[in-house]
Structures are given as C-alpha cells and as structure tokens.
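Subject: Structure handover

Hello,

Here is the structure I said I would pass on. Please look it over before reading my notes below.

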Amino acid sequence: MQAPNHVAIIMDGNGRWAKSKGFPRTVGHAKGAQNLEDMLYIADELGIKYLTVYAFSTENWKRSEDEVMALMNLFRQYLRNGFKKAARNNVRIRVIGYRPGLPQDLQELADEIEEFSKDNTGLQFTIALNYGSRDELIRMMQSAAREVAAGNLKPEEIDEEYVSSHLDTKDLPDPDLLIRTSGEQRVSNYLLWQLAYTEFYYTDVHWPVFGKAELQKAIEWYNTRDRRYGNAK
C-alpha cells in the first residue's frame, strides 16, 4: 500500500462527538487536539511526508466568544508543546493563514516554532490557523497588483507558477489526498487552488475518534484511484 505524499485533513466533528457523549463542545476540541497528536505519529509511521490540517478558519471567528477563547488557549498550549515534539521526532512545523489576525502571543509562538523546526527533515506538518483560501488568494492578488503598479511585475508574468509561489503553501507540494471527517462533503474554503487535482475522501467518523484504522482505509481507497494528473507519484 503506497501512502500519499501529502495528505490534507479537514478535522470536522469535534463538537458533534462531544454532544453525542453529553460533553460541552470544548471537550470535543480538546479530544480532537489529542487525536491530532496521535495522528502525527501514525502519518509518519505510514510513510506520509506532508500532513496539513485545517485547525481554525477565517469564518470560525463567528462562533461564540467562549468557544473561540477556548480554541485560542488550546492552540497556545499545542504550539508550546510542539517544541519538544519537533525536537524529539524531527518534525518540521509550519503555520499558514492570516497571521496578523491572530492574538499577538500566538503570532510570536508561530514564528518561534517555525524557526525552531525549520531544519527538521521528518514529517512536514502544517497547521492552517486563521486560514481561508479566498483570503489567501485575495492577499496574493493584492500583492501582485502592488508589484504591477510599482513596475516590478508584468501582468503576463502572473501564471500558475507565480500564483503557487505566492500562496501560504509556497513551500509545499499540492495535496494528493484530502480527508474530511464527520460526514460533510464540502471543502469549506480550504486550499481551493491547491486541491485542483486532489482525491477527496469523506467519512462519517468524527475527528476525535479518527484513528490509524480509519487513515489506513482512506489510504487504501486512495490506492484504488487512477492518478493521472497533478501530483501523481
């Protein structure tokens, strides 16, 4: 069984899992974060080189103030703990998304952990935090417009390579496989440009209980696909 080079995940269902157990949504998010820790080891074990997860979207600010605050605290804890994990497991950690929109201390933590792990050669782990693909594309277009206005870029030089090299994911290959948990079948403003030739796998399993067996099912399904385009290996 050949593992995809790059797997992107929409980690959906934390709140629904918590509700099904009679817990508040914040318990579901904590359980989901714990599962993500396990998934890093599992992905590495199965031969995945790049793992990119959707942690917090630009639309998630619309949730209740208490839930957003709890999520920000969870991200702080997660990134602080990431230094030891990065050192111990040779994991490189990146954070993509509109960083100025995050609390200042989270911005600094993201900068620090990226710098700390930049030379690690193991699993390439990317967290999409305050990320929205439309926002990413708008930021890229605004940057290109400024370069054109300044005379440093010709309109005809804006091609696929230019766009890809000016997105948040410029250092990453496009995903081979997208997994969305918890039954929803949409991309929710996630990696719209990058998913052009990606295989989509949907499962009803909630993220907090999406484990090794479920990831193996997704990879087995991926291996049945005829990969003729994009990042086929």
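Overall

Please keep in mind that this is a predicted model. The chain contains 7 helices and 6 strands. Read from the N terminus, the order of the elements is β-α-α-β-α-β-α-β-α-α-β-β-α. The radius of gyration is 18 Å, close to the 17 Å given by the globule rule for 233 residues, so the chain is as compact as a globular protein of that length. The C-alpha trace spans about 60 × 45 × 35 Å along its principal axes. Of the 233 residues, 48% are buried. Among contacts with a separation of 6 or more, 77% are between residues 24 or more positions apart.

Strands

Strand β1 (residues 6-10) pairs with β2 in the parallel sense, over 5 bridges. At one of these places, His6 has Tyr50 of β2 as its bridge partner.

On to the pairing of β2 with β4. Strand β2 (residues 50-57) is joined to β4 over 7 bridges, and this pairing is parallel too. Leu51 has Phe125 as its bridge partner in β4, and Phe56 stands opposite Leu129 in β4.

Strand β4 also pairs with β3 (residues 92-96); 5 bridges join the two, which run parallel. Here Arg94 has Thr126 as its bridge partner in β4. From β3 the chain crosses to β4 through helix α4 (residues 104-117), and the handedness of this β-α-β crossover is left-handed.

For β2, 6 of 8 residues are buried.

In soluble globular proteins, nonpolar side chains tend to be buried together. The largest nonpolar core in this model has 43 residues, and those with the most contacts inside it are Ile9, Leu51, Phe125, Ile179 and Leu215. Helix α3 (residues 65-89) supplies the largest share of this core, with 8 residues. There is also a second, separate core of 10 residues, which includes Ala128, Leu178, Tyr190 and Leu195.

Two of the residues named for the largest core, Leu51 and Phe125, are also the bridge partners given above for β2 and β4. As for Ile9, leaving aside neighbours within four places in sequence, its contacts are Leu51, Thr52, Val53, Tyr54, Leu178, Ile179, Tyr190 and Trp207. That list includes Leu178 and Tyr190, which belong to the second core.

Thr52

Thr52 sits in strand β2. Its relative accessible area is 1%, under the 20% cut-off, so Thr52 is buried. The Thr52 side chain makes a polar contact of 2.8 Å with the side chain of His6. Beyond its neighbours within four places in sequence, Thr52 is in contact with His6, Val7, Ala8, Ile9, Thr126, Leu172 and Tyr190. Among these, Thr126 is the bridge partner of Arg94, and His6 is the bridge partner of Tyr50.

Pro103

Which residues does Pro103 touch, leaving aside its neighbours within four places in sequence? They are Trp61, Met72 and Arg76. Pro103 lies in the loop between β3 and α4. With 25% relative accessibility, which falls between the 20% and 50% cut-offs, Pro103 counts as partly exposed. Pro103 and Ser57 are 46 residues apart in sequence, and their C-alpha atoms are 15 Å apart in space.

Positive phi

Ser182 has a positive phi of about 75 degrees although it is not a glycine.

Leu191 is buried, with a relative accessible area of 2%.

Regards

Methods:
Residues numbered from 1 in each chain as written. Predicted model: local features only at pLDDT ≥ 70, side-chain atom pairs only at ≥ 80, totals over all residues. Heavy atoms only, no water. Pairing = 2+ DSSP bridges. Helix = DSSP H or I, 4+ residues; strand = E, 2+ residues; numbered from the N terminus. Right-handed = clockwise from strand over helix to strand, strands pointing away. Core = buried A, V, L, I, M, F, W, Y, C linked by side-chain atoms within 4.5 Å. Buried < 20%, exposed > 50% of the residue type's maximum accessible area, 1.4 Å probe, protein only. Contact = heavy atoms within 4.5 Å. Polar contact = N/O pair within 3.5 Å; in protein donor to acceptor, adjacent residues only side chain to side chain. Rg over C-alpha atoms; globule rule 2.2 N^0.38 Å.
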